[in-house]
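Open your viewer and follow along. Each stop tells you what to select and what to look for there.

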Amino acid sequence: MLSPERHGLFRVLCLFALFEAACLLDTGMLFPRESSSREVKELSGLWSFRADKSPDRNQGFDKAWYKSRLRETGPVIDMPVPASYNDITQDPTLRDFIGWVCAHYYSIVWMNGVKVTEHNGGHLPFEAEVGSLIRKDPTQPCRITIAVNNTLTLETLPPGSIQHIDDITKYPKGFFVQNIYFDFFNYAGIHRPVLLYTTPTAYVDDITVVTDFLDNTGRVNYNVSVHGATTATVKVTLMDKDGHCVASSTGPFGVLKVVDVNLWWPYLMHESPGYLYSMQVRLMAANERSTHEDVYTLPVGIRTVSVTSTQFLINKKPFYFHGVNKHEDSDIRGKGFDWPLIVKDFNLLKWMGANSFRTSHYPYAEEILQMCDRHGIVVIDECPGVGIKDIRSFRNASLNHHLDVMDELVRRDKNHASVVMWSVANEPASEMPPAEFYFKTLIKHTKALDATRPVTYVSNSHYARDKGAPYVDVICINSYFSWYHDPGHLEVIPLQLNTQFENWYGKYQKPIIQSEYGADAVPGLHSDPPMMFTEEYQKVVLQSCHDVFDQKRKQYVIGELIWNFADFMTVQGITRVVGNKKGVFTRQRQPKAAAFILKERYWRLANETGRLPPWTKYPCSL
């Protein structure tokens with residue numbers, strides 16, 4: 001459990017930690033922004049922390065730790081928020097701890113000992129109204145306590161299972177292990193900032209924008225949801241980057257028409273990528289006692305996305321994904337939100353000429369998507385549906401939770417211009433009989449939530465007879481030829497990769513993204529001829545794949561995303577030496593030889609379009 005001491009000056013608690021939404025789905029989840037009517041207070045810093053190490057992990061509830069200051073319940077330690085707790089201390093039992101502490105996947109929140117909300121899930125924000133508790137005695141400090149559980153079951157996303165081993169001749173009493181079906185470390189903690197924010201009694205609860213353009217005129221279709229008032233006056237003003245009004249309207253819904261529109265373009269596709277307008281929504285509501293005003297400003301990028309059988313189109317022009325897969329992962333912080341790391345990663349992305357990434361394998365912090373909006377980095381937004389391998393994870397309870405997660409993901413990210421596609425899962429056991437109904441339902445539901453973006457999920461190339469593929473708009477394929485299959489045999493890559501593409505396109509007639517490919521490389525390990533785990537081997541794997549991509553991108557392959565941007569931590573095991581080494585950068589963000597191969601390739605791909613001014617022919621930074 002974690003608990004800070006703060007004075008209660010604010011009305012609404014918003015937890016931007018590694019959680020999902022706790023409020024009802026008919027309410028909005030606008031990113032907290034300050035304005036003339038709103039105030040935001042960040043509660044990041046050192047919190048008191050205590051793990052419940054009792055055998056049944058239930059002592060904290062039995063003794064109601066949340067009813068008093070945490071340090072009064074027993075020994076506590078300092079814990080930074082945001083951060084994963086796993087790598088902060090020197091305690092090996094805490095690094096691999098499973099049970100009640102702080103953050104995902106199940107969470108309960110109290111204020112001054114009063115339960116305000118609970119939630120099942122990870123990676124997305126939730127919020128709770130706490131104004132009445134703060135107003136109860138404004139002169140007294142307020143105490144926020146959060147208990148969270150990182151246990152994974154067959155019904156969580158991602159799934160997992162707990163295995164108890166009772167052989168006391170080999171294992172200590174109460175021994176159990178958390179089994180997972182994915183290849184990254186299950187970091188736990190409050191990974192995103194915790195915020196208190198205020199709104200007036202009547203306020204803008206949600207905004208939805210859908211953009212389009214015809215010739216040089218842009219269109220912004222908007223819909224504003226109001227909370228706390230049955231009748232209200234809404235004025236919407238769209239301003240350009242210089243603060244000049246370019247369109248305005250009144251009413252909670254309507255269309256803003258922008259003459260001589262500046263479209264939102266991806267990085268390296270236009271000389272002015274990532275152009276954003278500012279849409280100011282001003283709400284006025286009154287009752288017999290008072291008048292309420294609320295102001296909220298939403299960044300808006302005007303662009304379109306569409307798919308044909310062979311192309312991915314942004315603003316009606318072909319777009320080719322040349323980018324990366326990433327992880328929210330770094331030394332010490334784990335998955336904890338860290339601005340220096342984020343800015344460094346964006347500098348590296350732009351240095352290497354990457355125009356896109358996939359949020360493998362969970363939603364990233366919304367601040368990262370805001371960076372993508374501003375810099376024109378295209379995003380495939382993936383939910384935490386990774387590791388769906390057990391047939392029991394296709395049951396109705398799991399499906400219903402998965403549907404809820406997609407509701408929450410779309411609700412949070414629907415207005416980000418950088419988000420061009422939803423990914424509903426990664427490498428599920430799609431050959432199993434229940435998979436067809438599961439993914440048909442999931443994909444149909446996601447399309448109903450947002451008809452403006454295509455939907456995909458990422459398949460393993462072994463399952464060309466994929467039961468979900470008929471329902472997606474874009475086929476994403478992960479394959480590791482000459483690594484997991486035919487290890488050491490580089491000569492098989494051209495044949496097998498070509499066969500893979502021909503089989504998938506021949507059956508489904510849909511555009512294909514090579515969503516993962518690569519090989520582990522221990523930095524500084526070399527050999528000639530190339531051998532597995534050396535930097536030379538990683539280079540040759542990439543170059544062999546690139547030769548095939550160059551053939552197929554003239555037909556129906558619309559993108560290539562390297563696995564991975566940077567090395568990342570995994571569970572301990574005989575196949576991983578302190579993490580996964582498939583990054584083209586080390587975990588400390590230093591380049592391996594493969595990074596220079598990708599840099600040369602990505603800049604060449606960008607400049608082949610012929611649409612770039614001379615200055616973009618050279619790498620640049622933020």
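Predicted model: local features only at pLDDT ≥ 70, side-chain atom pairs only at ≥ 80, totals over all residues.

Residues are numbered from 1 along each chain as its sequence is written, and side-chain values use heavy atoms, leaving out hydrogens and water.

Stay with Asn396 and select helix H6, residues 396–413, where Asn396 lies. Helices (H or I, at least four residues) and strands (E, at least two) are DSSP runs, numbered from the N terminus.

Zoom out to the whole chain. Count 10 helices and 32 strands. The radius of gyration is 25 Å, close to the 25 Å that the globule rule gives for 622 residues, so the chain is as compact as a globular protein of that length. That radius is taken over C-alpha atoms, and the rule is 2.2 Å times the number of residues to the power 0.38. Along the principal axes, the C-alpha atoms fill a box of roughly 75 × 75 × 45 Å. Of the 622 residues, 60% count as buried.

Next, select strand S14, residues 194–197. Val194 and Leu196 point one way, Leu195 and Tyr197 the other way. All four are buried. In a regular strand the side chains alternate between the two faces of the sheet.

Two strands pair if DSSP finds at least two bridges between them. Find Glu42: it stands opposite Leu195 in S14.

Move on to strands S15 (residues 203–214) and S16 (residues 217–227). They run antiparallel, with 11 bridges. Thr211 stands opposite Val220 in S16. The two strands form a hairpin with two residues between them. Click Asp215 in the turn: its phi is positive, about 55°.

Last stop: strand S19, residues 253–259. S19 pairs with S16 in the antiparallel sense over seven bridges. Highlight Tyr222, which stands opposite Gly254 in S19.

Notes
Buried < 20%, exposed > 50% of the residue type's maximum accessible area, 1.4 Å probe, protein only.
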